[in-house]
Amino acid sequence: MDSKKVVIIGGGITGLSAAYHLQKKVKAAKLPIDITLVEGSDRLGGRIHTIKKDGFTIEKGPDSLLARKPAAMALAEELGISDQVKRNSTGQSFMLIKDRLHKMPKGAYMGVPKEVGPLLRSNSFTLDGKLRGLMDLVKPKKKSTEDESLGHFMRRRFGDQIVDNQIDPLLSGIHSGDLDQMSLQAIYPVFGKMEQEYGSVMKGLSKTMPKPAKNKKAKPAQGQFFSFTNGLQTLVNTLEANLDTVEIIRGNKVNHIEKKEAGYHLLLDSGEVLTADFVLSAVPHTQVPGMLSKHEPLQELYDIPATSTANVVLAFDEKQIKRDLDGTGFLVTRNSNYRITACTWAHRKWEGTAPEGKALLRCYVGKPGDQDIVKASDETLVDIVLKDLNKVMKVKGQPLFYEVTRFINARPQYHTGHLELVSRVRTYVADNLPNLKLIGSSYDGTGLPDCIEHGQKGAELALEALV
């Protein structure tokens, strides 16, 4: 077999996962395949970025991995870092509805009610709101299975009040988007399947979700999320350290990809040209039409929206927080007069995040309809966040320090019709750009475990094509 070359574009978690899994398979089978990873910035890891400051461990981007999705934990075990895994604390979290904090109700999955009792006991809804929510148990299923927005689906099943006060803050917060535009089929098809199979989302959740342990002596519930003792950067650093046969090019973007009679030529910022028999594009969809400018149908990728967010981390002495709240954070409903969308008390959610006697708060801004806030100066953002926090927590004085991180047009949004759009684009690529694949959070799943899985599948596609 003649020597082949694979170029992976993008050094975020998707690209790193692809490089790692491809290298592993190449080594195991002793294949003559060379791998190059090209990253436009000076660092690997994409949005994952942990820093240490004055004894604090600060996540400038995501702070955790979802444990129920196995790809991330499996990778940690394979890399030999599972002994550094730490779970989040399972303390009380809250919903901020208008100006009042309500305990996050039990008996729900991703904010969606699954048990009658907790819904009836909740003080987050009026009696009419609760009765409307219970209509899910008897409301007929939709005859058509065509895609609809997640918001429309949930409002149809549970009514506006439960959606606005519970479901929307959680799901919109996770995806940094607008629930009433998100695609049900692209993001949470499981809810649509429950409606069709069980006639009710609550019945479906009750049938398929594990029951809580009734044994009082049972071990305390584990957190649903995990990170590492020294932060998520541990995963990035370990992956990079294991890429011993992968050529890594940093600080050099791919400007143009040209299909040749045999393989591809990739023009870098530096003027260097790379040749490849197989190309894995693991960069955001917004970069693809520019790299493949001769292929007009790929312009449709610009129709996938992307939102901007900012992460504002504030460090304090614990004594500065005058109204201490016993919990791990709160989500903000859209019907509340706040510009922050959520606040995590990181020092309580993650053990060892802050020194003794200190507090670390992570606040988020950039909800749909308030995107311009992300462009504000650091000082302005801190002022806005402190003003909102003081309505809830009574914070005295200025933070010891702050860290502001902006993600501009960085969160792809799966609006209704997303699956069809991606299918059209990939069909065109398959027909006209053989041995080039588009992978990553822009297309098939935005969570970090999803991205790890995208990388693994990308590696398998490369091998199928070249071996």
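**View 1. Accessible surface and overall dimensions of the chain.** The accessible surface of the chain amounts to about 21200 Å², with carbon and sulfur atoms contributing 50% of this area (Shrake-Rupley method, 1.4 Å probe; for residues, only the protein chains shown count as cover). The model is predicted: local features need pLDDT of at least 70 and side-chain atom pairs count only at pLDDT 80 or more, whereas totals for chains, interfaces and linings use all residues. Residues are numbered from 1 along each chain as its sequence is written, and side-chain values use heavy atoms, with hydrogens and water left out. Along its principal axes, the C-alpha trace spans about 70 × 60 × 50 Å. The radius of gyration of the chain is 23 Å, which agrees with the value near 23 Å for a compact globule of 467 residues (taken over C-alpha atoms; the globule rule is 2.2 Å times the number of residues to the power 0.38). Of the 467 residues, 54% count as buried, meaning under 20% relative accessible area with a 1.4 Å probe, protein chains only.

**View 2. The open sheet of 7 strands.** The strands follow the order β8-β7-β18-β19-β20-β17-β21, and their pairing is mixed (two strands pair if DSSP finds at least two bridges between them; strands are DSSP runs of E, at least two residues, and helices runs of H or I, at least four, numbered from the N terminus). At the edges stand β8 (100-103) and β21 (401-412), each pairing on one side only. Neighbouring strands of this sheet are turned by 20 degrees against each other on average, direction ignored. Strands β18 (residues 329-332) and β19 (residues 340-345) run antiparallel and are joined by 3 bridges; Phe-330 stands opposite Cys-343 in β19.

View 3. Helix α6 (residues 160-175) lies across β7 (93-97), β18 and β21, at about 110 degrees to β7 (axes are lines fitted to C-alpha atoms, for helices over the stretch in contact, with angles from 0 to 180 degrees between N-to-C directions; contact means heavy atoms within 4.5 Å). Helix α13 (residues 378-389) lies across β17 (306-317), β18, β19, β20 (358-365) and β21, running at about 70 degrees to β17.

**View 4. Packing of helices α5 and α8.** Helix α5 (residues 150-158) packs with helix α8 (residues 189-198) at an angle of about 35 degrees, their axes lying 11 Å apart. Residues of α5 that meet α8 include Leu-150, Phe-153 and Met-154, and their partners in α8 are among Phe-191, Gly-192 and Glu-195.

Methods. Buried means under 20% relative accessible area, exposed over 50%, partly exposed in between (1.4 Å probe, protein chains only).
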